[in-house]
2 protein chains.
Amino acid sequence: MKADTLRGHLDALLLAVLDGRKLHGYAIIEALQLRSDGALDLPTGTVYPALRRLERAGWLASEWDVVSGRKRRTYRLTRSGEQALAAERTEWRQFTTVIGGVLGA
Amino acid sequence: MKADTLRGHLDALLLAVLDGRKLHGYAIIEALQLRSDGALDLPTGTVYPALRRLERAGWLASEWDVVSGRKRRTYRLTRSGEQALAAERTEWRQFTTVIGGVLGA
DNA sequence: GCCTACACATAGACTGGCTACATGTAGCGA
DNA sequence: TCGCTACATGTAGCCAGTCTATGTGTAGGC
């Protein structure tokens, strides 16, 4: 998959993978790999800044855990994060309809 | 639709709209509006440079027409442009499967 | 004569994801 | 016990591609 195609959809992916569960950054990357059959292999330099951006936006909340001596910053969706996810899903449907309509015709 | 979501898919749109017909730049913009029910309203500053980029890549060929005193640069798909369009369509299907799979779950 | 639609084009800004780098722990095998 | 790999977080800077703003010029209607 071309690298740039992700642009504008990263937020949706991160919110979706945190829907209903708490994960730390590294686990988020693995979860996305898993859910996409390996197609999505996001570099840490993409994910970590994005998580902080989403936290600043109020869509995610984080807290530090220490699991077997390792520090982990665990993220979860906030209420407005859930709303944002719903909005992103709606936008995704519109987006695929529009582009798919042009490509498919 | 958020502006940035287009990124990485513009080439596919331009190739698709030129599939099987010749159009000049301005008409391409109108054709995309039409096919997307007004959702896609690309500025000329986006389309014209993109067309030249695709021509440099060998996917489009252009020639100057003069219609009722107006100069028009008319674009058409080259052979390798057709192949590129097919590849873009395949990539689009993969892309929507991957992202949709993560978002939908 | 003026305004709008048509038509092409470029310079520069902006933005967001990527590359590369930096740091450190846990656990395993040699 | 030494080194390697997997785990885990983070930042600085680059770069490509899209958008904004601007410029030029014609045709046709009012």
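Let's start with a meeting point between the chains: helix α1 (residues 10–17) of chain A and helix α4 (residues 79–104) of chain B have axes that come within 8 Å and cross at roughly 40°. Keep in mind that this is a predicted model.

- The crossing of α1(A) and α4(B) is left-handed.
- On the α1(A) side, the residues that touch are Ala12(A), Leu13(A), Ala16(A) and Val17(A), and they meet Ile99(B), Val102(B) and Leu103(B) of α4(B).
- Sort the residues of this contact by class and you get seven nonpolar, no polar and no charged ones.

**The whole contact between the chains**
- Chain A puts 28 residues into the contact, and chain B puts in 28 residues too.
- On the side of chain A that touches chain B, α1, α2 (25–35) and α4 (79–104) each supply at least two residues.
- The largest share of that side comes from α4(A), with 11 residues.
- By class, the side of chain A that touches chain B splits into 15 nonpolar, seven polar and six charged residues.

**How the two copies are related**

- Chain A has an open sheet of three strands in the order β1-β3-β2, and the pairing is antiparallel.
- β1 (23–24) and β2 (60–67) of chain A sit at the edges with a single partner strand each, so one side of each has no neighbour in the sheet.
- Two bridges join β1(A) to strand β3 (residues 70–77) of chain A in the antiparallel sense.
- Leu23(A) has Tyr75(A), in β3(A), as its bridge partner.

**Around the DNA**
- There are 29 residues around DNA strand C, and those that come nearest are Gly45(A), Thr46(A), Gly69(A), Gly25(B) and Gly45(B).
- α3 (44–56) of chain A supplies at least two residues of the surface near DNA strand C, and so does each of α2 (25–35), α3 (44–56) and β3 (70–77) of chain B.
- The residues of that surface divide into 11 nonpolar, 10 polar and eight charged.

Note on methods: Residues numbered from 1 in each chain as written. Chains lettered and ligands numbered in written order. Predicted model: local features only at pLDDT ≥ 70, side-chain atom pairs only at ≥ 80, totals over all residues. Axes fitted to C-alpha atoms, helices over the stretch in contact; angles between N-to-C directions. Helix = DSSP H or I, 4+ residues; strand = E, 2+ residues; numbered from the N terminus. Left-handed = near helix turned anticlockwise from the far one by under 90°. Contact = placed C-beta atoms within 7 Å. Nonpolar A, V, L, I, M, F, W, Y, C, P; charged D, E, K, R; others polar. Near = placed C-beta within 6 Å. Pairing = 2+ DSSP bridges.
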